[in-house]
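Thanks for coming, everyone. Please have the sequence and the structure up on your screens. I'll go through a few places in turn.

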Amino acid sequence: MTQYKSEFLNTLTERGYIHQCSDFGGLDALAAANKAVAYIGFDCTASSLHVGSLVQIMLLHWLQKTGNKPIVLMGGGTTRVGDPSGRDESRKILTLDDIEANKRGIQTVFDKFLKFGKGGTDAFMSDNAEWLTTLNYIEMLRDVGKHFSVNRMLAMDSVKMRLEREHELSFIEFNYMVLQAYDFTELARRYGCNLQMGGSDQWGNIVNGIDLGRRMGTHQLYALTSPLITLSSGAKMGKTASGAVWLNADMRSPYEYWQFWRNTEDADVGRFLKLFTILPMSEITKLEALGGAEINEAKKILANAATALLHGEAAAHEAAETARKTFEEGTSAAGLPTVVIDLSQPVGILPALVQAGLATSNGEAKRSIQGGAIKVNDVAVSDEKLTVSKSDLNSDGAIKLSMGKKKHVLIKPA
RNA sequence: GGGAGAGUGUCCCGAGUGGCAAAGGGGGGGGACUGUAAAUCCCCUGCUUUACGGCUUCGUAGGUUCGAGUCCUACCUCUCCCA
């Protein structure tokens with residue numbers, strides 16, 4: 001198991017974070033001496049990161065935990081360009097204000113996973129807008145552009161795919177990889193960065209950066225990528241009914257986040273425990289051995305641990321308790337999502353469902369009732385003309401609206 | 001600039017003869033079975049406070065027609081080929 005000298009690579013290997021590395025030996029030596037300075041780039045296209053970025057965040061977490069220095073690079077500059085990797089549609093180009101707002105939202109998440117500061121292994125955040133926005137085109141062409149072979153760029157998968165699919169690839173997007181490579185060398189020069197990590201789809205871009213670094217005379221750079229995380233059922237990770245699983249609490253509550261992990265497929269539990277929690281491997285091995293219905297215990301531990309990492313122990317506890325009351329006791333729990341509605345007049349069940357966010361239109365609410373999905377205070381509803389009023393308030397002063405087995409909302413009077 | 005194609009249910013793919021709320025998938029939601037799992041089976045998946053009613057949908061704007069996703073005109077966007 002101790003295949004490497006460095007704790008960093010050993011941990012990553014046994015937990016399944018590694019897809020490819022440009023030079024295991026070289027990186028191992030660096031990490032063993034606690035001299036790895038690694039960065040991962042994140043977009044600012046939304047005001048929160050989602051579960052899809054969690055593997056990357058965890059990479060930085062372990063990097064720091066094993067005695068090395070993480071850099072979070074915000075793509076404030078590159079977000080204005082758009083990465084063609086893996087997509088065949090151009091990204092939207094955001095305004096500067098949007099980008100700034102998104103950056104602030106994203107920063108809050110990193111505070112949970114990394115220790116920021118000025119010390120040796122303290123993380124810090126950088127933004128490639130710092131150097132990209134002041135670039136001069138002629139100098140850029142002369143100093144950086146001359147190192148890029150268009151022949152090679154055309155051969156890259158991300159580009160090839162766009163060409164083969166007969167989708168347009170604009171020049172601005174074509175330049176994304178140049179900018180990303182340049183980021184790497186710039187971080188190397190400014191901060192002594194020597195490793196870039198990322199998802200496996202970033203391999204080409206990262207390797208380009210190593211190449212550019214060598215040509216521009218930086219120290220040796222390294223690449224490390226993580227596998228693309230998919231569910232056993234083949235679906236992409238992090239997409240659920242209600243859209244992406246956002247990490248920011250204001251976009252997805254701790255309770256919902258907990259539920260996301262609780263509903264993990266059996267086949268994924270072990271893998272996810274390793275990737276998304278910091279539980280010791282010995283404990284994970286035990287949990288992995290659970291079979292049949294017992295695996296639900298492992299799922300709860302996964303949910304607790306993953307939620308605690310992001311939202312803290314207290315929030316995880318509360319979410320677990322809410323879930324326990326709701327699912328195991330079948331009672332209503334105060335921690336469920338709550339919506340305030342004016343109940344001075346009786347409210348029809350249809351608009352109530354819409355306001356509670358359980359349906360997007362009266363029509364949809366009606367169909368749900370016809371499908372037998374709706375319960376008020378745990379009593380099934382068959383009449384779509386039913387109204388709810390103050391007299392339906394339970395002992396906690398709320399009305400529990402349920403759709404299906406998993407979605408519960410408490411309604412409180414205004 | 002010339003030529004050839006394409007844009008369909010505001011999640012995606014995709015059929016579509018002048019009678020169309022528009023086939024079929026995927027995805028999603030619900031139900032059954034289970035373990036808040038997977039697989040499987042069944043139902044639902046445009047809006048509208050009852051509706052064999054009304055309204056809104058096929059890139060945009062007009063037109064022909066009793067009636068247009070379907071025909072005509074112009075425009076927009078995208079793709080390919082030739083310059």
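Helices H15 and H16 cross in the right-handed sense. H15 covers residues 295-311, and H16 covers residues 313-329. Their axes are 7 Å apart, at an angle of about 145 degrees. Axes are lines fitted to C-alpha atoms over the stretch in contact, and angles run from 0 to 180 degrees between N-to-C directions. From H15, the contact uses Lys300, Asn304, Thr307, Ala308 and His311. From H16, the residues are Glu313, Ala315, Ala316, Ala320 and Glu328. Contact means heavy atoms within 4.5 Å. Sorted by type, the contact has four nonpolar, three polar and three charged residues. Ala, Val, Leu, Ile, Met, Phe, Trp, Tyr, Cys and Pro count as nonpolar; Asp, Glu, Lys and Arg count as charged; the others, Gly among them, are polar.

A word on the source. This is a predicted model, where local features need pLDDT of at least 70 and side-chain atom pairs count only at pLDDT 80 or more, while totals for chains, interfaces and linings use all residues. Residues are numbered from 1 along each chain as its sequence is written, chains are lettered from A and ligands numbered from 1 in the order in which they are written, and side-chain values use heavy atoms, with hydrogens and water left out. Helices (H or I, at least four residues) and strands (E, at least two) are DSSP runs, numbered from the N terminus.

Next, helix H2, residues 24-32. Which residues of H2 are buried? They are Gly26, Leu27, Asp28, Leu30 and Ala31. Buried means under 20% relative accessible area, exposed means over 50%, and partly exposed is in between, with a 1.4 Å probe and protein chains only. The cover over them includes helix H1, strand S1, strand S5 and strand S6. Asp23 caps the N-terminal end of H2, with a side-chain oxygen 3.2 Å from the backbone nitrogen of Gly25. Just after the helix, Asn34 has a positive phi of about 55 degrees.

Leu30 turns up again with Asn194. Asn194 touches Leu30, and its other contacts include Lys35, Phe184 and Tyr222. Asn194 sits in the loop between helix H10 and S5. Its relative accessible area is 7%, so it is buried.

Now the strands. Strand S2, residues 37-42, is largely enclosed by the rest of the structure, because five of its six residues are buried. S2 pairs with strand S3 in the parallel sense, over six bridges. Two strands pair if DSSP finds at least two bridges between them. Ala38 has Pro70 in S3 as its bridge partner.

There is also an open sheet of five strands, in the order S9-S15-S14-S11-S12, with mixed pairing. Its edge strands are S9 and S12, each pairing on one side only. S9 runs parallel to S15 over four bridges. Val340 stands opposite Lys412 in S15.

Last, two exposed residues. Gln370, in helix H18, has a relative accessible area of 57% and is therefore exposed. A polar contact of 3.4 Å links its side chain to that of Glu384. Asp250 lies in the loop between strand S8 and helix H12. Asp250 counts as exposed because its relative accessibility is 69%. A polar contact is a pair of N or O atoms within 3.5 Å; within protein, one must be able to donate a hydrogen and the other to accept it, and residues adjacent in sequence count only if both atoms are side-chain atoms.

Conventions
A crossing is left-handed if the near helix is turned anticlockwise from the far one by less than a right angle, and right-handed if clockwise. Lists of a residue's contacts leave out its neighbours within four places in sequence.
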